[in-house]
Amino acid sequence: MDPPPVADPGQTKDKGVGSKGEMDLPVADPGPVRDEGELLRCPFCNSEAVYKLAQFLLPGLAAVCVDGTTGDLFRSPSDVAVDLRKEMVDSITQRSETFIADVEAEQNADNEMSDDPYEIVSIFMDDFSRTKRNIIGHVSGWLLSDSRDDKIDDFVQEMEMTRFWPLERREAIAEVLLRNVDIKTKFHCPEKYENEERLADHKAQCSFRPVTCPNEGCRTKVSVRCMQDHDATCLFKILQCEQNCEKRLLRRDMDRHCVTVCPMRPMKCPFGCDDSFSEHDLEEHCSESLQQHLLKVLQVIHKNNFTADELKETALRLEKSEDRGKL
C-alpha cells in the first residue's frame, strides 16, 4: 500500500497572529533591478525614509483589524490579520503604481496633490481602512475614542512580540511604495544603466548608498547624503558639555548631566539674592556677597526686633570679625 500523501507545507495557510501567518511578502534585496527597456536600476533609497515608512504599516494594519472586528463576537483582530495584511499590501501597492498618472490627471484639472510620501501612503491606508470597517467602525464616536486607540496600540504590541510582520519585510514593501510615490526623487536614486559594470561604478559613489553610523554604539544605517543630518542628532555622538565644563559625554546623556551633576549648571543664590551663577562659582559669589547674605540671615533671625540700620551695622561688624572663614 502506498503511504498517505504528505501535505506540502508551502500550501498550508496560517491563520492568526500567534502563528505569525507569514505569507510570501518580499524581503529587501539591494541587487540590480531590470527596468523598462532592459535598463538596470540603481537599488538604493533613503534608508531612514524607508524605515519611517515601514513604521506606518504596522499601526495601519492594526487599525484595519480593530475597526473590522469591533463588536464581532466571533472574530478578533488576530483572526483577520493575515488576510487583511495581504489585501492592504495589494491595495496600497496598486494605488502607488498608478499614483504618477493620477497626479498628472489632477494637475490637468488644476488640483494639487501632496508630494510627501508619508502623507500619500497614509491616505492610501486610510482609504483602504474605510472599506473594511463594520457598522460600529463607521461611527465617528468610536473612531475618536480612547478605547479604539488603546486596542490598536495593544494589537501593535502583540504583532511586534510575535514578529507577525517583521520590520525587514515591511521595509521591502515600504521601499516599493517609496519608489512609486517619490515623484521628485528626493528619497530614491533614479539612475539607470545599460550593464552591471556601469551600475557597479555608480553604486560605489551613489549618494543614496547606505552606510552605518560611525558613532560607537549606534547601528543606524543611513544614506550617505543624510549622514550629516543624522550625525547632528545621533544620540551616540560624543560631545563637549553644552555648559562648557570639562566633561565629554554622549548626546543622549547631555540633558541629565547638565541638570544634575554639571559643575557649570546655573543656580540661584541659596541666600535669596537675585544673582544667578554656575554652581562652580558659588563659593566666589558667597565671598563677594557676604555682607548682603549676613543681612538676609539677620533679618530672618531677628525679624522685627531691630531696625534696618541696626541690622546693617551688625552685619558689617560680623563681616569684619576675625572668624570670617566660618562666616
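Confidence in this predicted model is lowest in strand β1 (residues 33–34), at a mean pLDDT of 56, and highest in strand β6 (residues 238–240), at 96. The pLDDT is the predictor's confidence in each residue, from 0 to 100. Helices (H or I, at least four residues) and strands (E, at least two) are DSSP runs, numbered from the N terminus. The chain has a mean pLDDT of 80, and 66% of its residues reach 70 or more. Over residues 1–14 the pLDDT is below 50. Beyond near neighbours in sequence, this stretch has five contacts (heavy atoms within 4.5 Å) in the model.

Residues are numbered from 1 along each chain as its sequence is written, and side-chain values use heavy atoms, without hydrogens and water. Local features need pLDDT of at least 70 and side-chain atom pairs 80 or more, while totals for chains, interfaces and linings use all residues.

Helix α1 (residues 47–69) packs against helix α7 (residues 167–181) at an angle of about 110°, with the axes 8 Å apart. Axes are lines fitted to C-alpha atoms, for helices over the stretch in contact, and angles run from 0 to 180 degrees between N-to-C directions. The two helices are therefore roughly perpendicular (65 to 115 degrees). Residues in the contact include Leu-53 and Leu-57 of α1, and Ile-173 and Leu-177 of α7.

Three aromatic pairs are counted, with ring centres of Phe, Tyr or Trp (its six-membered ring) within 6.5 Å. The rings of Phe-56 and Tyr-118 have centres 5.8 Å apart and planes at 65°, so this pair is edge-to-face (over 60 degrees). Phe-56 lies in α1 and Tyr-118 in helix α4 (residues 117–132), so the pair ties together parts 62 residues apart in sequence.

Technical notes: Angles under 35 degrees count as roughly parallel, over 145 as roughly antiparallel, 65 to 115 as roughly perpendicular and the rest as oblique. Rings of Phe, Tyr and Trp (its six-membered ring) pair if their centres lie within 6.5 Å; planes under 30 degrees apart count as stacked, over 60 as edge-to-face and the rest as tilted.
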